[in-house]
Amino acid sequence: MDSSPARPDPLVLVDNEGVTDPPLNLALEEWALRNLDPQYRYLLFYVNEPSIIIGRNQNTLEEINRAYVEEQDVQVVRRMSGGGAVYHDEGNLNFSFMTDYKPDRLHNFERFTRPLCRVLASMGVEARLEGRNDLVVGDGRKISGNAQFSTSRRMFSHGTLMFNTDRKALAQALNVTPDKIDSKAHQSVRKRVANIAEVGGRVYDVPTFRRRLIDGLFPQNDTPVYTLSRDEWDAVETLAETRYRRWEWTVGAAPSFDVRRRDRFDEGEVDVRMSIDDGKIDRIQIYGDFLGTWGTTAPLEHHLRGTPYDPEALRKKLAEVDVSPLLGGLSNDQFWDLLYARG
């Protein structure tokens with residue numbers, strides 16, 4: 001640690017060293033919560049490359065525009081906390097307050113956002129907590145969404161600060177295509193949003209905005225900073241690899257959901273209905289007026305059961321069979337595109 005805080009239960013800034021990789025930043029947050037000295041409170045700021053961060057209890061496929069995400073190489077990562085999906089880019093500053101778990105702190109977003117609102121007010125941004133967990137300005141335009149996660153001993157309350165986010169990209173990335181998904185997961189509620197840079201009327205960049213927040217939150221101009229060792233960064237990277245970069249976590253951890261895919265081809269209509277459990281196809285039935293020569297699609301349905309509902313896993317599984325005789329001449333590529341419904 002760069003300096004020793006003098007007051008009880010001091011706040012310490014965690015240095016993420018400019019990392020913008022979403023899985024690594026989420027891993028850093030979890031690692032810090034579980035491993036740093038609990039006699040301190042910690043504050044982590046980070047900026048992510050374009051990404052969608054999915055709430056712990058959400059169905060990933062329900063929250064994103066997959067065609068846009070794939071075309072624009074937007075990363076999709078599931079976080080530990082609940083709440084809705086959020087879009088991150090270089091114009092969005094994220095924060096995380098880490099402290100001891102106490103019942104009166106859980107769901108108490110006002111406690112953690114009050115200091116931020118105070119500093120924002122000094123920049124000419126009059127923000128307030130509204131609803132469950134949002135910071136809004138003016139007539140209710142959202143500038144920040146917040147969520148929490150706790151263990152039996154520690155917790156964090158974290159959120160976004162939309163400083164100069166690309167709102168067009170945000171709308172496209174989260175503009176879910178009209179797939180027919182019946183999910184038990186929580187679906188995000190879209191709200192009108194605003195950028196802090198527009199509301200404040202002053203020209204800052206994100207690094208300057210971050211610096212202004214730090215100066216306001218540490219008024220003594222003596223900011224205690226925790227800098228990770230190389231071994232600690234290695235542990236964070238391991239956590240990123242074993243959790244946050246894995247399909248099984250980001251997609252496979254979604255609650256069970258049902259999917260229906262239907263389209264008309266030259267070969268006829270194909271209507272596929274699937275139940276996805278633990279990220280894999282649990283049940284599948286294929287209907288339609290196509291002229292299959294084998295009389296039944298049961299062999300194909302049996303072949304696909306247990307396959308991860310993931311584009312590459314589906315492509316690999318379909319490469320093992322020829323669907324054309326079963327589906328009246330439909331090609332494997334056409335059927336794959338229908339199963340995954342790529343926008």
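I'll start with helix α12, where the buried residues are N332, F335, W336, L338, L339 and Y340. Buried means under 20% relative accessible area, exposed means over 50%, and partly exposed is in between, with a 1.4 Å probe and protein chains only. The cover over these buried residues of α12 includes α3 (66–71), β13 (257–265), β14 (268–277), β15 (280–288), α10 (298–304) and α11. Helices here are DSSP runs of H or I with at least four residues, strands are runs of E with at least two, and both are numbered from the N terminus.

A word on the source. This is a predicted model, where local features need pLDDT of at least 70, side-chain atom pairs count only at pLDDT 80 or more, and totals for chains, interfaces and linings use all residues. Residues are numbered from 1 along each chain as its sequence is written, and side-chain values use heavy atoms, with hydrogens and water left out.

Back to α12 and its neighbour α11. Two packed helices are described by the angle between their axes and the distance between the axes. The axes are lines fitted to C-alpha atoms, for helices over the stretch in contact, and the angles run from 0 to 180 degrees between N-to-C directions. Helix α11 (residues 311–318) packs against helix α12 (residues 332–340) at about 145°, and the axes are 10 Å apart. From α11, the residues P311, L314, R315 and L318 meet N332, D333, F335, W336, L339 and Y340 of α12. Contact means heavy atoms within 4.5 Å. By type, the contact of α11 with α12 has 7 nonpolar residues, 1 polar and 2 charged. Nonpolar covers Ala, Val, Leu, Ile, Met, Phe, Trp, Tyr, Cys and Pro; charged covers Asp, Glu, Lys and Arg; the others, Gly among them, are polar.

At what angle do α1 and α8 cross? The axes of α1 (residues 22–35) and α8 (residues 230–244) cross at roughly 115° and come within 8 Å. That makes α1 roughly perpendicular to α8. The cut-offs are under 35 degrees for roughly parallel, over 145 for roughly antiparallel, 65 to 115 for roughly perpendicular, and oblique for the rest. The contact includes L24, L28 and W31 from α1, and W233, V236 and L239 from α8. Its residues divide into 12 nonpolar, no polar and 4 charged.

Now the sheet. It is open, with 8 strands in the order β7-β8-β9-β10-β6-β2-β1-β12, and the pairing is mixed. β7 (127–130) and β12 (225–226) stand at the edges with a single partner strand each, so one side of each has no neighbour in the sheet. Two strands pair if DSSP finds at least two bridges between them. Helix α7 (residues 206–217) packs on the sheet and touches β1 (11–14), β2 (41–46), β6 (92–100) and β10, with its direction at about 165° to that of β2.

β7 pairs with β8 (residues 134–137) in the antiparallel sense over 4 bridges. The two form a hairpin with 3 residues between them, and G131 in the turn has a positive phi of about 70°. Antiparallel strands β9 (residues 141–150) and β10 (residues 154–162) are joined by 5 bridges, and F149 stands opposite F156 in β10.

Last, two loop residues. Most residues other than glycine have a negative phi, and most peptide bonds are trans. D73 is not a glycine, yet its phi is positive, about 55°. D73 is in the loop between α3 and β4 (75–78) and is exposed, with a relative accessible area of 66%. D278 also has a positive phi, near 55°. D278 lies in the loop between β14 and β15, and at 53% relative accessibility D278 counts as exposed.
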